[in-house]
Amino acid sequence: MLNDIKKTRDKVEYILAHYPETRKNNNLLCQLYWKKWDNLQSVDDLHKVTKAEAITRNKRYFQNEGLYDSQEGKDIRYYNEKEVRMGIHAI
């Protein structure tokens, strides 16, 4: 079944759905992705794996869609967005 998943976005979604702890931890998300699909054996192989930015970008896509996100994460982003907007208006 895992071999049928081809796109990075689908692979990230699989991990987010099956490993809820990766929803808060990008390092863990990348680590699981690299082990499952890129067959990372050691840090010497890091130049061969999918870029962390591509993995986390897809995670952000799902979060923006309201999927695979905790209420705590939503609250933090709401607070940060509010702070930025207040700062922009102050300028």
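Predicted model: local features only at pLDDT ≥ 70, side-chain atom pairs only at ≥ 80, totals over all residues.
Okay, let's start inside. The largest nonpolar core has 14 residues, and the ones touching the most other members are V12, I15, L29, Y33, W34, W37 and I55. Three helices, α1 (8-18), α2 (26-36) and α3 (52-64), each put in at least two residues. Which helix gives the most to this core? That's α2, with five residues.

Now, the aromatics. Searching the whole structure turns up four aromatic pairs. One of them is Y14 with W37, an edge-to-face pair with 5.8 Å from centre to centre and 90 degrees between the planes. Y14 sits in helix α1 while W37 is in the loop between α2 and α3, so this pair ties together parts that are 23 residues apart in sequence. Both of those residues, Y14 and W37, are buried. And there's a cluster here too: ring pairs link Y14, Y33 and W37.

Another pair to look at is F62 and Y68, also edge-to-face, at 5.8 Å centre to centre with 85 degrees between the planes. So is F62 buried or exposed? F62 is buried, because its relative accessibility is 4%, under the 20% cut-off. Y68, on the other hand, has a relative accessible area of 22%, so Y68 counts as partly exposed.

One more ring before I move on: R9 lies over the face of Y61, 3.7 Å from the ring centre.

Last stop, N3. You'll find N3 in the segment before α1, and N3 is exposed because its relative accessible area is 64%, over the 50% cut-off. From N3 to G73 you go 70 residues in sequence, and the two are 31 Å apart in space, C-alpha to C-alpha.

Key:
Residues numbered from 1 in each chain as written. Heavy atoms only, no water. Core = buried A, V, L, I, M, F, W, Y, C linked by side-chain atoms within 4.5 Å. Buried < 20%, exposed > 50% of the residue type's maximum accessible area, 1.4 Å probe, protein only. Helix = DSSP H or I, 4+ residues; strand = E, 2+ residues; numbered from the N terminus. Phe/Tyr/Trp six-rings, centres within 6.5 Å; stacked < 30°, edge-to-face > 60°. Lys NZ or Arg CZ within 6 Å of the ring centre and 35° of its normal.
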